[in-house]
Amino acid sequence: MYPARFNYTRAESLEHAFELLTTYGEEGRSLAGGMSLIPLMKLRLVSPAHLIDIGRLAELSKIERRDNCVALGAVVRYAQIEESRWLVDTFPLLAEAVSVIGDVQVRNAGTVGGNLAHADPAGDLAPAALALNASVVCRSAKGIRTVAADAFFQAPYTTALEPNELVTEVEIPFPGNRSGGAHLKLERRWGDFGNAIASVQLELREDGRCRKAGIAIGAVGEVPLRIKSAEGVLIGERPEREAVRAAAEEVRKAVETIEPLSDLKAPAEYRREVIQVIFKRALALALERAQSSIPLSDATTSPS
Ligand SMILES: Cc1cc2nc3c(=O)[nH]c(=O)nc-3n(C[C@H](O)[C@H](O)[C@H](O)COP(=O)(O)OP(=O)(O)OC[C@H]3O[C@@H](n4cnc5c(N)ncnc54)[C@H](O)[C@@H]3O)c2cc1C
């Protein structure tokens, strides 16, 4: 399939990208890794008249360590995350999430900002961002604002982004000592989008009880779901036996409140069941990692 005719401009700077977005309005569309937009254009599900390529903007390609968080530029590629020893050690959940996206080609081209902005219900980065308590920095010619991941995903393929606004960064707070995370996805074949995704981030106190928890699921409902009630039952408890059962029960209840996705690969009933299995496995892995984690101050300290 060939896309409809379109014009292509490579933005020379972020300011230039905003100028082009303002000029073209609804006819314009930003292009980052192209891994979702180009297939949609080839299927003629979307036909923007002007593509504004932001994918090579140096301003959006940085991985910056700040006081309380790491800031990933919007066009940081999944492969850049996989290749950063520091990111892999500090955010195993994030590293695991990018490692299960598509195949090597997709991971070399696909971007963090593009993934979040596209908001595919089965995307891997949305539940990861929710469990990690991340924030999405959104910017337009008019200004800049930071939106909590909790408020960013609004409906399938729909986010809190305003017209002509771009995701410019994703901020992920540093985990405390004794933290661990896991991202598990159940797919039909390796490289497929998931039929059930669970992201779990835990921080333990010195006595082994849970200080903080981040729990989110994806590919089950139309939007990724952060399950605060499951987080609540873990906090102050040892995340073992009873607490795990209680958290899994909260996940089950949360899924009861939504209409699960249903298709030939994975009917609703199947997704309802397997999400609990995947969640419990992710929780066990996150706990194991938190229990064996080294204090951050002893870890490698450079993002590259
Ligand atoms: C074979 C294949 C398998 C895949 N498997 C998975 C998978 O398992 N898990 C998964 O999560 N994803 C998967 N994907 C999707 C992939 O992760 C895409 O890279 C991602 O969805 C979009 O990122 P992108 O940089 O390619 O964005 P693009 O395709 O360039 O853009 C996607 C949309 O986001 C908008 N956009 C892009 N960047 C920004 C920005 N900074 N600000 C505002 N809007 C922006 C564009 O205008 C467009 O509407 C797969 C894709 C393919 C082709």
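Reply: The largest nonpolar core holds 84 residues, and the members that touch the most others are Ile-54, Leu-94, Leu-116, Ala-129, Ile-217 and Ala-282. A nonpolar core here is a set of buried Ala, Val, Leu, Ile, Met, Phe, Trp, Tyr and Cys residues joined through C-beta atoms within 7 Å, and a residue is buried if 20 or more other C-beta atoms lie within 10 Å of its own, exposed if 12 or fewer, and partly exposed in between, with the C-beta atoms placed from the backbone. The model is predicted, so local features need pLDDT of at least 70 and side-chain atom pairs count only at pLDDT 80 or more, while totals for chains, interfaces and linings use all residues. Residues are numbered from 1 along each chain as its sequence is written.

Helix H12 (residues 268–291) gives the most to this core, namely nine residues; helices (H or I, at least four residues) and strands (E, at least two) are DSSP runs, numbered from the N terminus.

In the protein chain as a whole, 45% of the 304 residues count as buried, and the secondary structure comes to twelve helices and 14 strands. Among contacts between residues at least 6 apart in sequence, 66% join residues at least 24 apart.

The chain is divided into domain 1 (7–53), domain 2 (58–173) and domain 3 (179–291), with bounds that come from an automatic or database domain assignment. The contact between domain 2 and domain 3 takes 24 residues from each of them. On the side of domain 2 that touches domain 3, helix H5 (92–99), helix H8 (125–131) and strand E8 (153–155) each supply at least two residues, and H8 provides the largest share, five residues. The residues of that side divide into 16 nonpolar, four polar and four charged, where Ala, Val, Leu, Ile, Met, Phe, Trp, Tyr, Cys and Pro count as nonpolar, Asp, Glu, Lys and Arg as charged, and the others, Gly among them, as polar. The centres of domain 2 and domain 3, taken over C-alpha atoms, are 20 Å apart.

The ligand has its own surroundings. Domain 1 and domain 2 both give residues to the shell around the ligand, so the ligand lies between them. This shell has 29 residues, of which the closest are Gly-33, Gly-102, Gly-110, Gly-113 and Gly-114; a residue is included if its C-beta atom, placed from the backbone, lies within 6 Å of the molecule. Helix H7 (112–118) is one of the elements that supply at least two residues of the shell, and H7 gives the most, with five residues.

Ala-58, in the loop between strand E3 (50–53) and strand E4 (63–65), counts as exposed because it has 10 C-beta neighbours inside 10 Å. Arg-178, in the loop between E10 and strand E11 (179–187), has 21 such neighbours and therefore counts as buried; its phi is near 55 degrees, a positive value in a residue other than glycine.

Terms used: Two residues are in contact if their C-beta atoms, placed from the backbone, lie within 7 Å.
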